[in-house]
Amino acid sequence: MHPCGRHLPPPISRREMLTRSAGGFGAVAMAGLFGDALGAGHLPNGVATLPHHVPRARSVIFLYMDGGPAQMDTFDPKPQLTRLHGQAFPMEIEATQFDNNGLTLQSPWQFSRHGECGHPVSDLFPHVATCADELCVIRSMTSKFSEHTNANYFLHTGLGLAGRPTMGAWASYGLGSETRDLPGFVVLNGGLTPPGGLDCFGSGFLPATHQGSILKPDGYGMAHVNPMETDGASQQRKLSLVERLDAGRATRNDAIESAIANQEMAFRMQWAVPELMGIDGESTLTRQLYGLDADYEPTKIFARQCLLARRLVERGVRFIELTCPAVDGDRWDQHDNLKVGHQNNARAVDQPIAGLLKDLKSRGLLDETLVVWAGEFGRTPFAQGSDGRDHNPFGYTIWMAGGGVRGGMVYGATDEYGYKAVENPLEIHDLHATMLHLMGLDHTRLTINVGGREMRLTDVHGNVIHDLVS
Amino acid sequence: MSTLIILTTCLLVGATTDGGRVAEVRSLLASKCYACHGPDASGRQADLRLDTMEGQRSHRRAGAPVVPGDPANSLLLQRITHDDIDIRMPAEAPPLEEEEVTLLQDWIEAGASWPTHWAWKPIDNPAVPVVNNTNWIRDPLDAFVLAQLESEELAPAAQAEPTTWLRRVHFDLLGLPPSPTIIETFEADYEIDPEGARERLVDTLLASPHFGEQWGRHWLDLVRYAETCGHEFDYPIPHAWRYRDWVVRAFNNNVTYDRFVIEQIAGDLVTSPRMDGATGLDDSLPGTGFWFFSQGTHAPVDVRQDEADRIENQLDVFGKTFTGLTISCARCHDHKFDPIRTDEYYALAGYLQSSRRRDAYLDPGGRIEARLQELDQARRKIVQSIVTPDHTRSEDLPTEETTTLLESFDQSGEDWFSDGQAFDAPLQADQAYLQDDMLHIAGSGQWHSGLRSPRAQGALRSPSFTIENDWLHHRVKGRGARIRVIIDGFRLNEYNPLLFEDCLKQIDNEDWHHVAQQVGKYRGHVAWIEYSDDGDGWIAIDEIHGSDDASEPSWLGDVDPAVPEHDAERLNAAMESIRDDEASLEAPVRVLAITDGTPEEQVVYLRGNHETPGPIAYRGSPSIMRSPTEVPASGSGRLELAQSLVSARNPLTARVMANRVWHHLMGRGLVESVDDFGAMGRAPTHLDLLDHLATRFRSDWSVKDLVRVIVLSNTYAMSSSANPHSLLIDPENRLLHYRPMKRLTAESIRDSMLASSGRLDPTVGGPPVAIHLSDHMTGRGRPGTSGPLDGNGRRSLYLEVRRNFLPPLLTTFDMPTPATTAGKRNNSNVPAQSLALMNDPFVHEQAQRWADRILIEHDVDEARIHTMFLEAFGRPPTINEQALALEFVSDSTESGPDDTRWADLGHALFNTKEFIYLD
């Protein structure tokens, strides 16, 4: 069997699984797929009939741009800022995180048009610019928070406080994983954990199986997948004793059977993860494409993350989120020294992202893989101090590619300074609704009953933005 | 097949009580219709309410939504089954399931009765039902269970084996496995007197200090207990663990539940606080830490929003924990499903606006105050002996009115709040006093924290005021003290000054000087000032002004009068005589607590937005609690609020707690949605039983008594193997025909490993053990050093609860994220759990320790295996298991030393399902 999960026999349908479950032990083998939906002895509401419609994307790769890249320095050119550079900012200024607002600040970068669509992209992203026709650029995203953590929780979970399930957990909850050897939601941690911590990847009130499994792009990758026994036989010997002791147990029910199946899956994961991590077999061309041997260490790290993301997609993992590697200086959070800080962060991710898009495309995977590039907010068009930009949730840019979105389009607009969204402003809830839609899920029907209330990723908000869908 | 089961189950539930069927209807209408046709007027469509009988039967153009006895003519039925999706209800949603339509149809057919929602009704004391099989009744509660089983002709499961019951009750009460000694003692005792043996065991367990740890942990899940604030830097919540220990102590001492509730809401206001016998500390106050385990961000751009979010979390936890009400749903609009209005939400918020967080200064046994009074007296005598009271009256200088005088303490300041021991009484003008061995004369009215002793600690807080100036000015002197302005209750600038740079000032200048604080950004916000002396220093405060620039105001009392001539040597000698007393003054114990501030009524924030203030919502409890609350003329009124929760008229508090206890012991609450007793919650499977338990519970509010009657009942003693016929009819066990298997909690799994290995340190209470940090635990706020892998052998309860660095082994096994009330944990069953048991270094380490101990304690392999099985599973090995284990440890293909093979056996036992599941 090919290690690529796509070549496995198609996953058993939930209806079929239910039938088997009602009939007796049949469901047990699927426990790894569906986690405790079975183990807990009940199916959460709504899940039995998923997906709700034909999905456009089977997997999502979420490129989380920690700290908030500046829209006017990346994908949303504002010549007006150049004209007014160094003058008092002409609009009324909302409260900012540092309350140290300076003068109008032009972008230090030049923009040029790329691709057939002619997307303007700044010099920060020479490689991504070559994929311009794949990008669906949204220039009118908004957030509700000016603080990193609230905005991060909001971006990830739809609520500005910790404790709710993150979007990857919802995807895993809704659709499960297509692989039996890997979890449905993987976070490739490049080194920078978002402000707000690992809670950004939590499963909240969803079953724990849906929480993001943290995978480091080097070493063993995941916690607990490396056997501590010095030789493989020793662990096998133990597990075979466990199996025999479990077999003798008087009470056998779904929970016990699931736990036994989980142990088998865990055993397999000890091989699946190293196999995933083993990228030595990748061709020289591929290595070059991603920038695995780049001069800049952070580029190498992110290249590895992007390559692993592709390998995870190939294996059928549902949702993959990438966090940024540490560069010299801070994450995309340039409260000062914008030029150097953004340059370094862009340098770390530009080539790997372009490599990922091209590699996915050449393998025919981009059509069914939704790639999302987003920070928790954008940055101000006026300076913080003299050469930084403060947080700006009032209008900023994200982009999507592949997985059923219209490449080469621009959606929405900010005002002439790039401060606030003025045309088709979107909320994070709309992003979530649209992402779920592309995955075949109706955000109003993907729910779980918590203490009597049907909870969903979009709470009571969110609209699918059909204009973005190809 | 599955449809049949669902229908049968509905039938069973429908047959149970009057609440049963109607409750199902109510849940259905609530979940499908109330969002547009429920209690919230703002979002109501077509002016139709379906949550009241009037609304259901109201006359519409085409008839009435509900015509009792006539489903065909009921508009409700017509609309939900309509073919045209534009007409069909619910709008823009999938149609109701067939069973749901049938449920409504049957309900209307049968007369569409619409009694008050079961949870709002007074607690009934239902008669104990008559049953056929009276032998099965060990406690009256069994009759309620058996009556329903008999009416459906279902047989309860057989009784569990005594050792199975022992392991079950031992874990349920203490969270720890029974030791071989306990097992052997119990078995011997059971041989002679089965009933007595059970009772004696339960009494022993109830008396164990570990009881409070197990039940305390359940409670901590409700109050989102954490020791840090999470968010970007995961700043600490100081003294949080004092609350944790208070909870453990309260369960161990069986503090009555009504008192337990009151002390968490208003332990600072109770008239006679409980004293902890061991420490002599006020043991009612630490319960109020309950309010303050919210998460927090360090530099909120909109601090009022931050406060509103914090209060929402506080009220969410308050409502769910004590009353099973989802009160915070009413923050932006009237509750969609339950009769809780928005103004009632803000009426509760007023209690918190009228209260303040503080780190209280507790005085062990009153010894600090007693010693200070001795010192006060001695100092008075010294002053009298060296000063003749005829020095010249100091002259107040006229002040130019460029600033607003906020406080001068001359003939005012009675509404200030003194906390701790240092701020005893204000100095009057011309009063002579001693400070640091020197004589001083106060030039004007002022507060001084060094009069009694520089070692005394305390805080002085102003009344709340609205900021109306750009600058606050203080005329102060002191050392090692602080001035803080607390704006909208925001305190996290303690750790990160961003946006609140001037709000916190350190005072280290012993001459009168000017301290200015720029607060103009917060004009219009409510604030208070806090002067604190938390060490061996002191602070004196003379005047506070407000103005719109930074320049020093003209102070009223500008100059201190000259100190009269006196014999410095005599003074020195006199001070020498009290030096020892002063040096041995104890430091107060700091505790996270609440206190009353200036009473404030909260206005309604329209649509939850603080920028659109609405009418005032006067403090009071929601009418649905059925226990109206008096608001006193002064103070926050929290005590009265707390008392209303446990008043005889409140139908919720006793039911909610009785249900929680049942949930923990039986694996599922009689009301499955333990934190929501409203319309969206699950209907009770046994309302009469719940009311029976609540009635008994309320008679003495004894949690231990309630636990005792349940665990000694026959219902609790049922086997985890169901009777096959009963299982077929009632697979969900809604009628309680068996006691289902449970997985151990995350904490118990870890604690059991420590118990098996012998590493368990049974110490109760104390500061938390630093969290062990793995490579995967990254992010800002990561502690500089990792805690020990095995947590020093302490129970999991004592591992540090850092929001951003929770213990992975515990979260993998469903320890909840501390965000809000989590009365019912997830019960997940995932590969990550197996991976942790297989490869976590902690698990390996404990297996090795276990082996080392067993090899020392026993010489014979059979005895070793026997003991290990007893310790792991609470039972000896079967013959087959013994053989398997023997074969395993003597496997000649396995090289390596003896102890490795025994550690491998221990590790294998940790990985068996029996180790983590409880029959």
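The model is predicted: local features need pLDDT of at least 70, side-chain atom pairs count only at pLDDT 80 or more, and totals for chains, interfaces and linings use all residues. Residues are numbered from 1 along each chain as its sequence is written, with chains lettered from A and ligands numbered from 1 in the order written.

Chain A holds 13 helices and 17 strands (DSSP runs numbered from the N terminus: H or I, at least four residues, for helices; E, at least two, for strands). Of its 470 residues, 61% are buried (20 or more other C-beta atoms within 10 Å of the residue's own, placed from the backbone). Contacts are pairs with such C-beta atoms within 7 Å. Among those in chain A between residues at least 6 apart in sequence, 75% join residues at least 24 apart.

In chain B, α14 (303-323) and α15 (342-353) pack at about 105 degrees, with axes 10 Å apart (lines fitted to C-alpha atoms over the stretch in contact, angles running from 0 to 180 degrees between N-to-C directions). The two helices, α14(B) and α15(B), are therefore roughly perpendicular (65 to 115 degrees). Ile311(B), Gln314(B) and Leu315(B) of α14(B) meet Tyr345(B), Leu348(B), Ala349(B) and Leu352(B) of α15(B).

The contact between the chains takes 69 residues from chain B and 65 residues from chain A. On the chain B side, α25(B) gives the largest share, seven residues. Elements giving two or more residues to this side include:

| Element of chain B | Residues |
|---|---|
| α24(B) | residues 808-812 |
| α25(B) | residues 831-839 |
| α26(B) | residues 841-857 |
| α28(B) | residues 879-889 |

Key:
Buried ≥ 20, exposed ≤ 12 C-beta atoms within 10 Å, placed from the backbone. Contact = placed C-beta atoms within 7 Å. Parallel < 35°, antiparallel > 145°, perpendicular 65-115°, else oblique.
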